[in-house]
Amino acid sequence: MSKRGIQYFTLSEIEPRIWFMLTGCDFRCKGCFRPARDGGGTLLSSEETLRRAEQACLKYYGKIPTKAMITGGEPALDREYLLALVKGLKEKGFEEIVLMSNGYEIGREENYASDLVEAGLTEAHIDIKAFSGDIHKWYTGKSNKPVLNAVRMLNDTGIELLIQTVYMPGIVDVEEIERIAIFLASLNRNIKYRINPFAPAFAFEEVSRRPSIEEMEHAYELASKHLPNAIISRSCYREYPTPPPQETWITVYPDLSFKRRSMKDQEDDRISWLSRSKSKPREEILHELTFKRDDSEYRQKLEQVTRSFYPPSSNPGSNKKTRD
Ligand code: SF4
């Protein structure tokens, strides 16, 4: 029976919803900011993962929620494990089961996409890091052919899809973004496409800079020529027009110990990861961060721009209450 490393489960404090954080990844994205990339955690079978997740939910919510997000790292590395996890979630009554993946394994294996949907997957969020094969290979270490294939195959199943790209000036520029939008539109004009700004602060390698607000708007304009459901920003405003502030969340470790964590705790984890993986003293990482950190003014401006594209009254996704 296959096992995967579980770093922790996250329980939302906004609404009953659980996230599964699986460790390990087949990509080595230069701008990665996820400590789960490097493996570790507690090795669990899908059955044991589900049992502990259920215990965590019952202890905190007093019931099993209906929404689950499976993320990492890369959650699709082990097909047998992932299919059993999705099937188990469906059997426990989860109605929204969302997978967040780089798409590589799904696009390489025959029927992986359709098997996931048959098992109960309801939505997939796939990153297209770059459209040009050479840029993708340089940035991730792998070809993007399986990724594009995964998007095609998932789209063929009729599942809800959100595709994401990080805008990295000088690397993944507006030309790349428009090519991705054209590719997606050739499959299905209603695919949701989110453009996120590169955030150098916690990136493993500072390969680019943060795009300006004007550059983000331009990227949006180009993408939305082809896709009516293009969105920008790290927050998913279109799908969640009035997001309540989520300042803390509950982290449940595989041994079922709980901790209420904040953005500050998450930052501390990332600083420890960068320090460990780059073999640099923590103080040095902290010193570098003070020069690269995102400022709140930028976030506010980006949020305003996003809101101007989607006034709540005309919001096409306002019936959905998901936030990611
Ligand atoms: S796919 Fe995600 S977790 Fe894996 S290296 Fe890239 S950014 Fe990191």
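Trainee: Which residues surround the ligand in this predicted model?

Mentor: The ligand is surrounded by Cys25, Phe27, Arg28, Cys29, Cys32, Arg34, Arg37, Gly73, Glu74 and Asn102. The shell around the ligand divides into four nonpolar, two polar and four charged residues.

Trainee: What makes a residue such as Gly count as polar here?

Mentor: That is a matter of the classes: Cys and Phe count as nonpolar, Glu and Arg as charged, and Gly falls among the others, which are polar.

Trainee: Glycine 73 is one of the residues around the ligand. Where is the place of glycine 73?

Mentor: You will find glycine 73 in the loop between strand S4 (67-72) and helix H2 (79-91). The peptide bond that joins glycine 72 and glycine 73 is cis, with omega about 25 degrees.

Trainee: Now to arginine 17. Why is arginine 17 called buried?

Mentor: Arginine 17 has 24 other C-beta atoms within 10 Å. The cut-off for buried is 20 or more, so arginine 17 counts as buried. Its place is in the loop between strand S1 (3-11) and strand S2 (18-22).

Trainee: Which residues is arginine 17 in contact with, leaving aside its neighbours within four places in sequence?

Mentor: Those contacts are Ser12, Pro65, Lys67 and Met69. There is also a C-alpha separation of 8.7 Å between arginine 17 and cysteine 57, which are 40 residues apart along the chain.

Trainee: And why does asparagine 111 count as exposed?

Mentor: Asparagine 111 has 10 C-beta neighbours inside 10 Å. Exposed means 12 or fewer, so asparagine 111 counts as exposed. This residue sits in the loop between helix H3 (104-108) and helix H4 (112-119), and it has a positive phi of about 65 degrees although it is not a glycine.

Trainee: Let me try serine 279. What makes serine 279 count as exposed?

Mentor: The count for serine 279 is 6 C-beta neighbours inside 10 Å, and with a limit of 12 or fewer, serine 279 therefore counts as exposed. Serine 279 lies in the loop between helix H9 (263-277) and helix H10 (282-292), with a positive phi near 50 degrees.

Trainee: How do you know that strands S10 and S11 pair?

Mentor: Strand S10 (residues 248-252) and S11 have five bridges between them, in the antiparallel sense. At least two bridges are needed, so S10 and S11 pair. In one of these bridges, isoleucine 250 has arginine 260 in S11 as its partner. The hairpin has five residues between the strands, and leucine 256 takes a positive phi near 70 degrees there.

Trainee: What makes strand S11 hardly covered?

Mentor: Strand S11 (residues 258-262) has five residues, and the count of buried ones is zero.

Trainee: Which residues have the most contacts inside the largest nonpolar core?

Mentor: They are Phe9, Phe20, Ile163 and Ala223, in a core of 73 residues. Helix H6 (residues 145-157) gives the largest share of this core, six residues. Leaving aside neighbours within four places in sequence, the contacts of phenylalanine 9 include Phe20, Ala53 and Val252.

Trainee: How many of the residues score at least 70 in pLDDT?

Mentor: That holds for 88% of the residues, and the protein chain averages a pLDDT of 88. Over residues 235-242, however, the pLDDT is below 50, and over residues 311-324 the pLDDT is below 50 too. Where pLDDT is low, the predicted coordinates should not be read in detail.

Notes: Residues are numbered from 1 along each chain as its sequence is written. This is a predicted model: local features need pLDDT of at least 70, side-chain atom pairs count only at pLDDT 80 or more; totals for chains, interfaces and linings use all residues. Helices (H or I, at least four residues) and strands (E, at least two) are DSSP runs, numbered from the N terminus. Two residues are in contact if their C-beta atoms, placed from the backbone, lie within 7 Å. A nonpolar core is a set of buried Ala, Val, Leu, Ile, Met, Phe, Trp, Tyr and Cys residues joined through C-beta atoms within 7 Å. A residue is near a molecule or strand if its C-beta atom, placed from the backbone, lies within 6 Å of it. pLDDT is the predictor's confidence in each residue, from 0 to 100.
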